[in-house]
Amino acid sequence: MFQSIRWAFNWKEWNPSEKDFAYAISCIQLEEKQRLGRFVFRKDIRASLAGRLMMRKFVNEYEHIPYSAIVFARDAYNKPILKNVSSNLSFNISHHGNYTVLAGETRNVNLGIDVMKFEYTGGKQLPEFFRIMNRNFSPLEWGEINMFSNDIDKISMFCRHWALKESYVKAIGKGITIDLRSMSFKTNSELMENSVTTDTVLYINDVKQDWLFEETLLNSQHCVAIALQKSGKAPNSQKKIFEYVNSDILLANAIPLFPQDPKYTEEYFKKKEHP
């Protein structure tokens, strides 16, 4: 019997001490550590670090590979994959707003996840922003977005649709290099906390697609969409609710992969938290 794993980590509330940060960053691969070091702001480092740690935790616990033996690579579309291991695990991560999330399956499926915070920070008036984004959504989707009278609800539905699109393109492994207008999502239920919605439907060039989309709210400000397909068909859903993990759980079985780096830690704490 397969298992579905859903983890959410509030990285914004994670404010590690110098000692704790030095330990956490030593528990990921060197090239990932170097990549994170190029981020300008501390918030982006923590959000991405949480994702790397989540992947290692998932593979260690569900594939039973020793923590220090786990090696990740990236495919042609920059998607993290296990290197030199034949595995039935499927996983994907995302971060936005306050959360980093992981969706994992102990079965071989196409899987993509996206989390979105219900916010608009574009600086332009909302109608002008929607005009610029017009080519990224179908007329049906714009109908769902604009059916609301207030901007807050419009932004929420916009973010929901964007999360759905992101989850799908991540699942097929091509990134956003396809015509987003050819994809049209039809939502049929409102999202709720502690509940998984699975009745959203995807059409591509007006043809209904055989995919499963799991959606939920982490809280009133964050939605998550997960796209799944197995052997060309929509798989069964366990409707698994997200488990909220803290830093102790995240690092419970972590093992340093290299000596701690005081200079790297010092540079991290010199950076601004956000713009």
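Predicted model: local features only at pLDDT ≥ 70, side-chain atom pairs only at ≥ 80, totals over all residues.
Residues are numbered from 1 along each chain as its sequence is written, and side-chain values use heavy atoms, without hydrogens and water. Local features need pLDDT of at least 70, side-chain atom pairs count only at pLDDT 80 or more, and totals for chains, interfaces and linings use all residues.

Reader: At what angle do helix α1 and helix α3 pack, and what does that make α1 to α3?

Author: Helices (H or I, at least four residues) and strands (E, at least two) are DSSP runs, numbered from the N terminus. Axes are lines fitted to C-alpha atoms, for helices over the stretch in contact, and angles run from 0 to 180 degrees between N-to-C directions. The axes of α1 (residues 18-25) and α3 (residues 42-62) lie 11 Å apart, at an angle of about 50 degrees. Angles under 35 degrees count as roughly parallel, over 145 as roughly antiparallel, 65 to 115 as roughly perpendicular and the rest as oblique, so α1 is to α3 oblique.

Reader: In what order do the three strands of the open sheet stand?

Author: Two strands pair if DSSP finds at least two bridges between them. Eight bridges join β6 (residues 110-117) to β11, and seven join β10 (residues 212-219) to β11. The pairing is antiparallel, and the order is β6-β11-β10.

Reader: Which residue in β11 is the bridge partner of Leu217?

Author: A hairpin joins β10 to β11 through two residues. Across this pair, Glu215 stands opposite Ala225 in β11. The bridge partner of Leu217 is Cys223.

Reader: Why is strand β11 largely enclosed by the rest of the structure?

Author: Buried means under 20% relative accessible area, exposed over 50%, partly exposed in between (1.4 Å probe, protein chains only). His222, Val224, Ile226 and Leu228 point one way from β11, while Cys223, Ala225, Ala227 and Gln229 point the other way. Strand β11 (residues 222-229) is largely enclosed because, of its eight residues, the number buried is eight.
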